[in-house]
Structures are given as structure tokens and as C-alpha cells.
Amino acid sequence: MPAAAVDPWAGLPEGLPRGLPEATQERLSGLRRLLAEKYPAAERKPGGILPTGLATVDAVEGGLRRAALTELSGGSGAGALFIHTMLRAVSREKCLAALVDAARSFEPEGCAPSALTRLLVVLCEDPAQAVKAVDLLLRDGNLALVLLDLQSAPLRQIQRIHASAWHRLQRLVEQTTSALVVLTPQPMVEGARVRIAMNAQWGLAAQRRWRQDLAAEMVARVFPRHAAALHGASGAPGGAEWPTREESVPA
């Protein structure tokens with residue numbers, strides 16, 4: 001019998017971050033105050049697009065939609081390269097970002113120090129706790145990018161997240177100028193406004209190559225979900241069908 005879906009906020013009032021241990025909430029609040037003090041004049045770009053630097057992604061809409069939830073599906077290798085690419089984008093755009101890691105898989109080695117100083121990393125025990133952490137971080141006006149990395153978490157745990165949790169995050173990010181990206185092993189996030197399917201396959205020789213060179217070789221298919229798609233029509237460019245949660249990432 002399949003496990004029942006989990007709604008992290010069932011029966012609780014709307015609008016309050018909940019579920020994180022008190023000590024964790026205090027640490028996050030302290031980090032938010034520290035960011036506000038350190039970057040009091042941080043530029044906040046109203047809506048629009050956050051460029052990624054990946055040609056196949058930026059070619060469709062120019063980058064990541066702000067005030068929207070984007071789901072990126074693919075292998076963990078492609079996801080890790082995407083995260084490092086976005087750290088370069090954060091450094092280039094001189095903005096702040098947060099990475100919520102549901103499986104403690106983030107490896108900062110090789111990241112530019114200028115990017116790491118602009119990154120808040122939150123390590124979580126499981127996907128449910130990670131979703132709650134994102135709920136809290138989206139309320140911070142200084143964060144231009146929030147990354148939720150679920151790719152290394154057990155698939156069964158991710159599938160147990162209730163659809164209402166994803167719709168809640170979409171409603172929450174719509175009230176901000178942040179770009180929210182959820183990295184998953186396969187399409188499964190209800191309410192995503194854009195889905196990106198990434199494919200990357202490398203051999204052992206890839207370990208001796210620069211990350212930016214490998215990232216440039218990644219193939220991405222971008223599916224923006226426009227107003228028509230929300231009412232049942234396809235919103236992908238060129239008539240491509242909006243991928244469902246059952247569809248696997250292309251090989």
C-alpha cells in the first residue's frame with residue numbers, strides 16, 4: 001500500500017512558518033538579521049528574470065522567472081552543476097541566495113569565495129523539513145534566489161509531500177521578487193510555473209574537466225507554463241506538451 005501524502009501544514013492557520021525546531025528558527029532569524037545588516041542597500045530587482053548563464057535555459061525566457069516556482073528535473077550530476085552555475089550567477093548579479101539541502105549533499109569545494117559569501121546553506125533531515133525551511137526563507141526580502149535540492153533524497157519521501165505544499169510555496173513566492181527552483185529526480189512538483197528537464201551524461205574523464213565546461217554541454221528543455229496551460233492547454237514553446245509528474249526525464 002503506498003504511503004499517504006503528507007501535508008506539512010494541515011490544520012494550521014495560513015501565513016505562519018511552522019514545523020522547524022525553535023533553535024533552527026532562532027538561527028535562521030539571526031542569519032536574516034545578519035544579511036540585512038551586511039547588505040542594507042542590496043538591489044532588489046522588481047520581478048522579471050534572473051539570468052542563469054546556461055544558453056539552453058536562457059534562450060527560452062532569458063533565465064529563471066522571479067516570483068515563480070521552477071522545477072528542474074534530472075540526474076544529481078546535472079543538478080549539482082546547475083547549483084554551481086547559479087552560484088556564479090549570484091556572484092555576477094551581486095545578489096543573495098539560499099540553498100536548502102534535503103540530503104546534506106552540497107559540496108562547496110570549487111565554488112568561488114565571492115559566491116559562497118552570498119549564499120545561505122540550510123541542511124535538513126528530510127524533504128518535509130526542507131519544504132518548511134523554504135516556506136520560512138521566502139519571507140526574506142533580501143533573497144533573489146532560493147534553491148531547494150531534493151535530488152539526493154529518497155524518492156519515496158519526496159513523493160509523500162502533499163500537492164498543497166507545492167501550491168503554497170508558489171503562492172508565497174508570487175508575493176516576492178525571488179526565483180524559487182526545486183531540484184527533483186523526476187517531474188513531480190504540482191504548481192510549478194516552469195519545468196526544466198536536464199540531461200547530462202559523462203564518463204570518468206569528466207572529473208578532470210572544468211565545471212563551467214561541463215555545464216555548457218548540458219542539454220535542457222524548458223517548459224514555461226503560461227496562462228493557457230493553467231486551463232489545460234499546452235504552455236510549452238513550439239507546441240511541446242507540458243510534462244506530467246509521471247513523465248521521466250529524457251535520456
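Here is a short chat about salt bridges in a predicted model.

Me: What kind of model is this, and how are residues numbered?
Reply: It is a predicted model, where local features need pLDDT of at least 70, side-chain atom pairs count only at pLDDT 80 or more, and totals for chains, interfaces and linings use all residues. Residues are numbered from 1 along each chain as its sequence is written, and side-chain values use heavy atoms, with hydrogens and water left out.

Me: Why is the contact of E71 and R195 called a salt bridge?
Reply: The term asks for a side-chain nitrogen of Lys or Arg within 4 Å of a carboxyl oxygen of Asp or Glu. Here the N to O distance is 2.8 Å, so the pair qualifies. E71 sits in strand β3 (residues 68-73) and R195 in strand β8 (residues 194-199), so the bridge ties together parts 124 residues apart in sequence; strands are DSSP runs (E, at least two residues), and helices are likewise (H or I, at least four), numbered from the N terminus.

Me: What makes E71 count as buried or exposed?
Reply: Buried means under 20% relative accessible area, exposed over 50%, and partly exposed in between (1.4 Å probe, protein chains only). E71 has 0%, so it is buried. R195, at 6%, is buried too.
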